[in-house]
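Here is a short report for a first look at this structure. Start with the sequence and the model shown below.

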Amino acid sequence: MRLFVAVPCGGPLREALTSRLDASPPGLDVRWIHPRTWHLTLQFLGEWPEKRVAGLREGLAPVADRSPFVMPAGGLGAFPNLRRPRVLFLQLGDDGAAARLAGAVREKVAEIWPDGPQDPKRFKAHLTLARIRRPLGDEELKMLQNMDLSGMPDLLADRFTLYSSVLGPAGARHGVEDEYGLRKKGEK
């Protein structure tokens, strides 16, 4: 089972971002990610055998003992950069709360399966918006660099989710395996 742990993008940010991207320049040859699957990845876990998933579900529960937080939305970003983009994303500000949550998830996952296939890449706060399959021409790059994503609402991180992911020709389909509401220690 292909798994990852993420904070889902919901509510006002999803609506505002969807409206803004719907007005993106025509002729920009990118594969937009469907808004219902936007999320802030805390850790990609890779392929896990079904027999380990129950322990993972249970093990992640104590990680939710922390307060909800908000992350300000920034502008458009790209991997590796906006001159040679392969992945487009919305930058998210992080005062450290998201990095601490990602760190706690990663520690717990490593306890549960130390030699598992989880991704060790450094956490970077962002929402992936699109993938680009071929190098963009100068005009497309200019359109992309002129896209304005300022003024978006904050991302409210009040929960995180263990997702399964099935790859297909139309993109990944995500299923919710478990969800964990963030709460201060001792709250129910």
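## Two helices crossing

Axes are lines fitted to C-alpha atoms, for helices over the stretch in contact, and angles run from 0 to 180 degrees between N-to-C directions. This is a predicted model. In it, the axes of helix H2 (residues 50-60) and helix H3 (residues 97-112) come within 10 Å. They cross at roughly 140 degrees. The crossing of H2 past H3 is right-handed.

H2 brings Arg52, Gly55, Leu56, Gly59 and Leu60 to the contact. H3 supplies Val105, Lys108, Val109 and Ile112. By type, the residues of the contact of H2 with H3 are five nonpolar, two polar and two charged.

## The sheet

Four strands make an open sheet. Their order is S2-S7-S6-S5, and the pairing is antiparallel. Strand S2 (31-32) and strand S5 (73-79) stand at the edges. Each has a single partner strand, so one side of each is left without a neighbour in the sheet.

Helix H1 (residues 11-22) packs on the sheet. H1 touches S2, S5, S6 and strand S7 (126-131). The direction of H1 makes about 30 degrees with that of S7.

## From S5 to S6

S5 and strand S6 (residues 87-92) run antiparallel, joined by five bridges. Phe79 stands opposite Val87 in S6.

The loop between S5 and S6 holds Asn81. Is Asn81 buried or exposed? Its relative accessibility is 16%, so Asn81 counts as buried; the cut-off for buried is under 20%. A polar atom of the Asn81 side chain lies 2.8 Å from the backbone nitrogen of Arg84.

Methods: Residues are numbered from 1 along each chain as its sequence is written. This is a predicted model: local features need pLDDT of at least 70, side-chain atom pairs count only at pLDDT 80 or more; totals for chains, interfaces and linings use all residues. Side-chain values use heavy atoms; hydrogens and water are left out. Two strands pair if DSSP finds at least two bridges between them. Helices (H or I, at least four residues) and strands (E, at least two) are DSSP runs, numbered from the N terminus. Contact means heavy atoms within 4.5 Å. Buried means under 20% relative accessible area, exposed over 50%, partly exposed in between (1.4 Å probe, protein chains only). A polar contact is a pair of N or O atoms within 3.5 Å; within protein, one must be able to donate a hydrogen and the other to accept it, and residues adjacent in sequence count only if both atoms are side-chain atoms. A crossing is left-handed if the near helix is turned anticlockwise from the far one by less than a right angle, and right-handed if clockwise. Ala, Val, Leu, Ile, Met, Phe, Trp, Tyr, Cys and Pro count as nonpolar, Asp, Glu, Lys and Arg as charged, and the others, Gly among them, as polar.
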